[in-house]
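Have the sequence and the model open as you read.

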Amino acid sequence: MTDVEPRVKRRAAKACELCRRRKMKCDNEEPRCTNCKLYGKDCQYSELPKRARASRTHVAQLQEENRRLQARLSVGPSNSASGNHETSSPSVLANESVRVESTHPTDEPMGNELHRTSIVEPSLLAPNAHRNEAYSGQSSYYGRTSALFDEDSSDRRGVRVRGLASESTRRQLMGEAAHQRQLETLNYRSGKLDFDGITPEVGMHLLSLHWNRQHHSHLITYRPAFMRDMASKGPYFSKLLLNAIYFGSCKFSPREDVKGMHTQFRQRVRELLGGALDKSEITTIQAMLVMTNSLFALGDERSAAWIYAGIAFRMLIDLGAHLDSQTPKTTEEDLEIRRRVFWGAFVVDKIQSLYQGRPVSIQEADIRVPILFQDQYEELEEWQPFAYPETQRYHGSPAYSISTFTELCKLSVIMNAILTNVYGVKSAKRAPEQLAEDLENMHLDLKKWRDALPEHLVFDPLARGAAVPPPHVLSLHSMFNVLLILLHRPFVSEGHLHSTSRSIPANSFVVCAQAATRIVQLLRTYEKTFSIRHAPYLIAYATYVSATIHVRIAAQLGPGSEAYTCLRTCLNVFMKNQETNWAARRAQSVIVNLMKKMNIELAADEELTPAAAPPTSVDPSVSGNMEGQTTFSNPHTPHDSGLGRPESSSLPPPHDPIVDLDMDAIISSFIFAQQPQSYNQSDGFAPVFNKTNHEGVPLDHFDQRIDDGWNMLDFGVDGPFDDTLFGFNGPALDGMWQ
């Protein structure tokens with residue numbers, strides 16, 4: 001019987017530099033190993049110096065040093081504050097217990113990372129013990145064109161990118177959030193909270209307003225860390241951020257003495273900002289984003305809002321927050337905060353670009369941050385309209401903050417594509433075929449977003465008995481319909497984005513009309529439930545976008561149409577919302593001027609229909625939800641659809657008022673509205689409506705609390721002001737209401 005030699009597992013005697021540096025298995029193939037071929041690297045080998053074995057004496061010295069360090073730490077943190085930076089800190093020992101996942105090559109795509117890390121981090125419960133380089137104000141990101149770029153630094157430091165949720169991390173963050181929520185009251189009663197010179201009662205009142213409304217819109221501020229560090233002077237609290245929150249909240253206070261403090265908070269922000277611009281800090285970024293939203297709504301500080309936003313974006317890039325990188329010193333709380341702040345900035349960037357008509361600053365192609373927020377504590381937390389004092393009856397609802405913000409981030413990615421492809425400087429120079437293809441693709445993206453909404457975020461304002469979600473959910477739906485109009489309206493005029501197909505302008509106008517009416521339905525729900533008086537500026541902008549469509553339909557269909565009543569609703573929203581957002585006057589002035597040009601006369605003595613009146617039927621052309629509306633037909637060419645075939649039905653469709661419209665006149669109105677001349681009846685577009693034509697006709701089903709502003713056509717605004725959507729807050733109307 002022959003002896004069989006045992007198979008010996010071959011192992012490389014030594015690895016090449018790439019495989020050794022990235023801790024990969026090297027097969028020692030010649031002239032290049034498999035890994036070097038894969039990554040396109042030169043396969044090089046170098047001799048490593050032999051490591052001497054540690055002697056007993058050296059081991060004994062290390063053990064003695066370890067005992068001394070442990071004894072020093074057991075005395076307490078007070079002894080470590082003497083300035084000896086060579087001594088190990090508690091965070092260093094705490095991080096030794098963290099199990100760090102293996103380093104992955106930076107060339108791997110993020111989606112291929114299958115490993116999850118189950119981390120038990122003492123530093124999560126005491127994150128103030130350390131601050132890594134990204135939070136110390138030092139720049140931590142340099143791209144490949146920089147002389148400071150180090151290709152191998154990420155491998156040495158163990159930087160990694162995570163895109164997967166971890167149940168253990170979620171539980172840790174939610175547990176810490178619940179614990180810190182309990183400590184808020186204790187810290188307030190014990191006087192540990194730093195309110196920067198104002199009375200604790202006023203300070204807590206303003207913070208409560210912030211957590212109840214602005215916070216849910218963008219999740220820029222992370223409440224557990226902010227309130228904890230407010231008591232302990234930790235890294236996630238600063239007086240600059242505190243006063244930015246004060247400034248944004250005081251206008252929503254029902255107390256007149258608090259409203260009058262806005263000038264004090266504005267000046268305090270200016271004082272603190274000077275010393276915060278020399279280094280990048282998360283709290284400075286948060287403060288700038290909060291101030292951006294607050295200043296823009298004032299109407300007269302739009303430049304400051306734009307500049308503050310730019311500072312925030314620059315600091316985010318400086319910290320490398322756009323790449324979601326994580327070092328072994330970064331806690332899960334750090335990562336959660338960075339993601340929230342980055343995506344909050346991404347949303348603010350798109351909204352400010354839209355409002356002011358300027359290029360976006362953060363492009364999707366330049367980022368690598370997953371839309372993943374693991375602290376779900378606020379998702380099902382009970383929400384009550386504390387910051388909406390005029391709310392009469394609301395039984396409360398889960399806040400749905402995390403899921404709403406997640407969907408807003410996804411919607412902002414689509415908004416980025418719309419602003420770049422449709423409203424970019426060079427968009428008009430693109431081929432008509434490419435424009436039509438982009439229109440179809442982006443419309444499909446919006447449809448997919450709508451279809452993928454979580455069930456608890458789906459809301460139909462016409463459904464009887466449906467529970468009304470919190471205001472930030474209504475704002476989310478308003479933004480969706482705004483984007484539909486932003487996408488399609490330029491294709492209606494054929495002046496901005498021309499097309500080779502005659503059906504595209506008509507089809508796009510149908511989509512705009514449907515979205516405009518859905519916005520008005522959301523406005524009526526908002527007013528009836530929460531009061532439009534304290535709605536955010538996004539609601540005023542959605543109202544303006546909707547009114548630009550209704551004014552064209554109302555000019556042709558007359559006062560008995562749904563478009564006419566929708567236009568009345570929009571005008572009333574402008575009047576009410578000016579009390580909170582002074583910039584709403586600009587939107588009102590544009591619409592009123594456009595109505596004058598189109599000879600739409602509104603009687604000054606009309607009365608609003610009571611809110612309790614039963615709703616009348618809505619024009620099928622502009623009604624209902626988005627179901628089945630992603631494919632739409634041209635009223636003039638029913639079998640030629642720009643984006644698909646209309647759905648068949650065995651029943652004859654109801655009469656569609658939009659078929660009665662002169663589509664050529666509609667298209668012309670988007671072009672001629674930018675000219676200062678008024679329309680004449682001889683133009684064949686807009687008849688003059690006399691109040692005797694609509695006596696006894698129910699004009700509106702809006703809440704009765706909006707009972708003024710019907711004679712607002714006395715608001716004197718004349719001139720060549722167009723109803724542009726992208727950047728209607730430009731300088732053309734500056735000074736009209738100083």
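The sections below take these topics in turn.

## Basis

This is a predicted model: local features need pLDDT of at least 70, side-chain atom pairs count only at pLDDT 80 or more, and totals for chains, interfaces and linings use all residues. Residues are numbered from 1 along each chain as its sequence is written, and side-chain values use heavy atoms, with hydrogens and water left out.

## Cysteines

The structure holds 0 disulfides (pairs of cysteine sulfur atoms within 2.5 Å). For Cys-566, the closest cysteine sulfur is in Cys-570, 6.8 Å away, too far for a bond.

Cys-566 is buried, at a relative accessible area of 0%. Cys-409 is buried too, with a value of 0%. Buried means under 20% relative accessible area, with exposed over 50% and partly exposed in between (1.4 Å probe, protein chains only).

## Helices H20 and H21

Helix H20 covers residues 503-529 and helix H21 residues 537-557. Helices are DSSP runs (H or I, at least four residues), numbered from the N terminus. The two pack at an angle of about 130 degrees, with axes 9 Å apart. Axes are lines fitted to C-alpha atoms over the stretch in contact, and angles run from 0 to 180 degrees between N-to-C directions. H20 is therefore oblique to H21 (angles under 35 degrees count as roughly parallel, over 145 as roughly antiparallel, 65 to 115 as roughly perpendicular and the rest as oblique).

## Gly-558

Gly-558 sits in the loop between H21 and helix H22 (562-577). Gly-558 is buried, with a relative accessible area of 4%. Gly-558 and Ile-600 lie 42 residues apart in sequence and 8.7 Å apart in space, C-alpha to C-alpha.
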